[in-house]
Amino acid sequence: MRKRLALTVLGLLGSTSAAAQSNSATTRTMTVDATVPRSCTVGAPTLQPSGQVNFKGLNGSSLQIDQLVDPTTLSTNAASIEVHFEAICNLPHRLKIETQNNGLWQVQERGLSRPSGFANAIPYRARLDWSNDVLQLNADARVRRIAESSLLVSESRLGDLRLRLDIDAGSTNVQTNAPIIAGSYGDTLRIFLEPQQ
Amino acid sequence: MRFKSLALGVAGLLALPATASAQSTTATAGPFPVTGNVPALCSGGTLTGGNTSFDLGVLINTATGLLRSDLAAAPKVLTGAFCTSRSRISISATPLQSVTDTAAPGSGFSRSVNYTASAAGWTTNPAQFATASGSNPAASQDRGTAFQGDITVSIGSFSTAGGDTLRLIADPSYQGTVTVTLAVAN
């Protein structure tokens, strides 16, 4: 009985010793949690003087052509301009450019019909450079309508979004070098940076 | 508690043979040494605050895309921690990283935020771990005596991995971990 008792006591002490080993260290783990929302931003335009031909410049967000018509031919004068926007998208996104009129059209049309031989709209080309991606929109002025072009960018990106507009000499919505009906001409361009769904 | 019940059991069992021997001749048994020990152990206590998360919310200034300069999270407190012997408190942490989008970020972007985690209240100098640092000698601190008390775990000094001019990529879940270990020191 004594022997068994002694063994029992030793056994109990042994198990106590094992418990001490398992509790000799204790660990608590906590997580740190946060989120970063999807975001695309486009800053204010800045004019690039080196790319400016026959434009008065940038007034707010308006680009005004200096001499739209060549006084000799009464057709279109060449013009070009380049503006940059500081832009950021922190996820894959879509770049889109949209023209309201698909060309420079008379702001206020005076008659329903266009006199034969005269032009009442001026085509132009828009080009967006976004890092190594190029997005082009040919506003051909054939039909007054909304036109757009877009491309998908599969990465987050930041930098200068570069917009260039080019109007060719003599380009009209009828034949080349057609005289242009007097009036004010304009179009509205919109640039979109949209998170991909 | 376990040692106490063991001592009572020994006494009860010894009483029976001792009484039976007294009827014939005098005899003694024993002494029977009753021994025990108090193991060296540590308990990490109970975490207050209802959950185990440091919730930082939105990491960026949404106007600039850069890491917010006012990031903060309420400390966590481990209440009732104790060690019955000399001990060592250690802390380690992993950077906050995007969980959903694990691809390498594009130029100008980062998907990781570094910070410093600290555990204070146990030792004179808090145990500290900076996730940006390759070496963290202050991450383990020793205490020479048994102790019980609260341990306050905090995070701070946030910075964007790769430089604070980098933007963070969008992700609904950025996550890191902070681990505090309380151990018997040799």
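A:Asn177 is partly exposed, with 15 other C-beta atoms within 10 Å; a residue is called buried if 20 or more other C-beta atoms lie within 10 Å of its own, exposed if 12 or fewer, and partly exposed in between, with C-beta atoms placed from the backbone. A:Asn177 has a positive phi of about 70 degrees although it is not a glycine, and its place is in the loop between E12 and strand E13 (185–186) of chain A. Helices (H or I, at least four residues) and strands (E, at least two) are DSSP runs, numbered from the N terminus. The model is predicted: local features need pLDDT of at least 70 and side-chain atom pairs count only at pLDDT 80 or more, while totals for chains, interfaces and linings use all residues. Residues are numbered from 1 along each chain as its sequence is written, and chains are lettered from A and ligands numbered from 1 in the order in which they are written.

A positive phi, of about 60 degrees, is also found at A:Ala141, which is not a glycine. A:Ala141 lies in the loop between E10 and E11 of chain A and counts as buried, because 24 C-beta neighbours are inside 10 Å. In chain B, the peptide bond from B:Gly30 to B:Pro31 is cis, with omega near 5 degrees. B:Pro31 belongs to the loop between helix H1 (2–22) and strand E1 (42–43) of chain B.

Strands of a sheet pair through backbone hydrogen bonds, either parallel or antiparallel. Here two strands are taken to pair if DSSP finds at least two bridges between them. In chain A, 5 strands form an open sheet in the order E2-E5-E12-E9-E10, with antiparallel pairing. Its edge strands, E2 (40–47) and E10 (133–139), each pair on one side only. Within chain A, E5 is joined to the antiparallel strand E12 (residues 157–167) by 11 bridges, and A:Ala87 stands opposite A:Gly159 in E12(A). An open sheet of 3 strands in chain A has the order E11-E6-E14, and its pairing is antiparallel. Its edge strands are E11 (147–153) and E14 (189–195). Strand E6 (residues 93–99) and E14(A) run antiparallel and share 7 bridges; A:Thr99 has A:Leu189 as its bridge partner in E14(A).

Between the chains, 33 residues of chain A are in contact with 52 residues of chain B, contact being defined by C-beta atoms, placed from the backbone, that lie within 7 Å. The largest share of the chain A side, 12 residues, comes from E1(A). Antiparallel pairing also crosses between the chains, as 11 bridges join E1(A) to strand E13 (residues 171–184) of chain B. A:Thr29 stands opposite B:Thr179 in E13(B).

The largest nonpolar core has 74 residues, and B:Leu59, B:Ile91, B:Val178 and B:Val180 have the most contacts inside it. Such a core is a set of buried Ala, Val, Leu, Ile, Met, Phe, Trp, Tyr and Cys residues joined through C-beta atoms within 7 Å. Not counting residues up to four places away in sequence, B:Val178 touches residues including A:Met30, A:Val32 and B:Ile91. B:Ala119, found in strand E8 (residues 112–120) of chain B, is buried, with 29 other C-beta atoms within 10 Å. Among the residues that B:Ala119 touches, not counting those up to four places away in sequence, are B:Ile91 and B:Val180.

Notes:
Contact = placed C-beta atoms within 7 Å.
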